[in-house]
Amino acid sequence: MAHLPPLNALRAFDAAGRHLNFRAAADELGVTQSAVAQHIRQLEVQLGQPLFERQTKGVSLSPAGRGYHARIAAAFHELRAATDALRPAPGKVLISVTPSFAAKWLIPNLPDFAARHPDIDLEILATENISRFHGDGIDLAVRQGEPPFGAALEAIRLFRQEIIAVAAPLLVADQPLPLDTDVLAILPKLHDTHDHWPGFLKDLGTEDQSGRGLHLSQTALSIDAARAGQGVALVSRFLVVHDLAAGQLLQLRPEALAGKQDFYLLATRSKRRDSATQAVMDWFSSKADTGG
């Protein structure tokens with residue numbers, strides 16, 4: 001049985017045959033151009049015939065080299081395919097969340113998830129629509145609601161609905177905190193689709209006297225507008241925890257408007273849940289608030 005050429009020589013030949021350039025082949029393999037040339041010369045000596053035709057600019061495969069390269073390239077392709085088949089595929093988990101939750105909580109926390117689970121690809125479907133686990137192929141969902149959610153679903157409460165009033169420091173720069181209710185009443189308000197302002201102001205014993213304000217379709221937009229100094233927003237505390245810590249937003253009053261619709265992580269009940277989905281569930285649970 002004939003001895004096979006050295007594997008490094010075959011790798012150099014495969015790369016050089018694809019690029020038709022020894023320098024490009026060297027860059028791909030992480031070696032010097034002279035090392036590639038030496039591997040090719042050794043291979044030609046062992047095979048007893050030229051594999052490349054040297055030209056003024058670059059090289060081209062000889063007739064024998066073209067046929068040999070086609071089979072060597074196919075062999076390396078099979079080696080890569082066989083190796084990939086043995087490697088475990090990274091876990092993929094598709095989670096459905098609202099755009100505001102994605103923008104203001106999930107994405108800022110993704111670096112922590114990636115550091116803990118580099119082997120899991122988390123795919124995010126940001127939509128206001130109610131996603132179907134089977135119809136849409138999702139694995140998990142985060143939604144605001146009130147249990148029960150149905151016998152087929154497992155629900156883990158992540159965050160209580162705790163609505164607070166926030167604004168940019170510039171908007172209340174000359175006012176002491178907590179902000180006087182009369183001052184709050186005349187500041188411009190930012191409204192989203194949840195429209196918490198009437199209930200919040202009623203609990204404070206006042207009402208809106210500003211006559212001004214933006215109406216926005218998403219909570220995330222209200223938060224962005226508040227950071228830009230456009231008015232006071234009512235938002236769930238957990239969505240602005242980073243903005244509060246960074247001083248980009250201030251909580252104007254100590255009162256919080258509580259609601260029944262907390263934020264829950266939902267999953268289909270299963271006795272054989274895959275490890276990637278369970279890991280994502282455990283990570284979310286580790287981030288949940290610990291209030292009673």
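First, the ground rules. The model is predicted, so to speak of a local feature I need pLDDT of at least 70, and side-chain atom pairs count only at pLDDT 80 or more, while totals for chains, interfaces and linings use all residues. Residues are numbered from 1 along each chain as its sequence is written, and side-chain values use heavy atoms, with hydrogens and water left out.

Overall shape. The chain has 10 helices and 13 strands; these are DSSP runs numbered from the N terminus, helices being H or I of at least four residues and strands E of at least two. The radius of gyration is 31 Å, well over the 19 Å that the globule rule gives for 292 residues, so the chain is more spread out than a compact globule. That radius is taken over C-alpha atoms, and the rule is 2.2 Å times the number of residues to the power 0.38. The C-alpha trace spans about 95 × 50 × 30 Å along its principal axes. Of the 292 residues, 41% count as buried, meaning under 20% relative accessible area with a 1.4 Å probe, protein chains only.

Now the sheet. Five strands form an open sheet in the order β4-β3-β5-β13-β6, with mixed pairing; two strands pair if DSSP finds at least two bridges between them. At the edges stand β4 (120-126) and β6 (153-159), each with a single partner strand, so one side of each has no neighbour in the sheet. Neighbouring strands are turned by 25° against each other on average, direction ignored. Strand β3 (residues 91-97) runs parallel to β4, joined by 7 bridges, and Ile95 stands opposite Ile124 in β4.

Helix α5 (residues 99-116) packs on this sheet, touching β3, β4, β5 and β6, and its direction makes about 170° with that of β4. Helix α10 (residues 275-287) lies across β3, β4, β5, β6 and β13, at about 35° to β6. Axes here are lines fitted to C-alpha atoms, for helices over the stretch in contact, with angles from 0 to 180 degrees between N-to-C directions; contact means heavy atoms within 4.5 Å.

Last, the cores. A nonpolar core is a set of buried Ala, Val, Leu, Ile, Met, Phe, Trp, Tyr and Cys residues joined through side-chain atoms within 4.5 Å. The largest has 36 residues, and Phe101, Trp105 and Phe284 have the most contacts inside it. Its largest share, 6 residues, comes from α10. Beyond four places in sequence, the contacts of Trp105 include Phe159, Phe238 and Phe284. A second, separate core of 19 residues includes Ala16, Ala26, Phe52 and Ile72.

Technical notes
Buried < 20%, exposed > 50% of the residue type's maximum accessible area, 1.4 Å probe, protein only.
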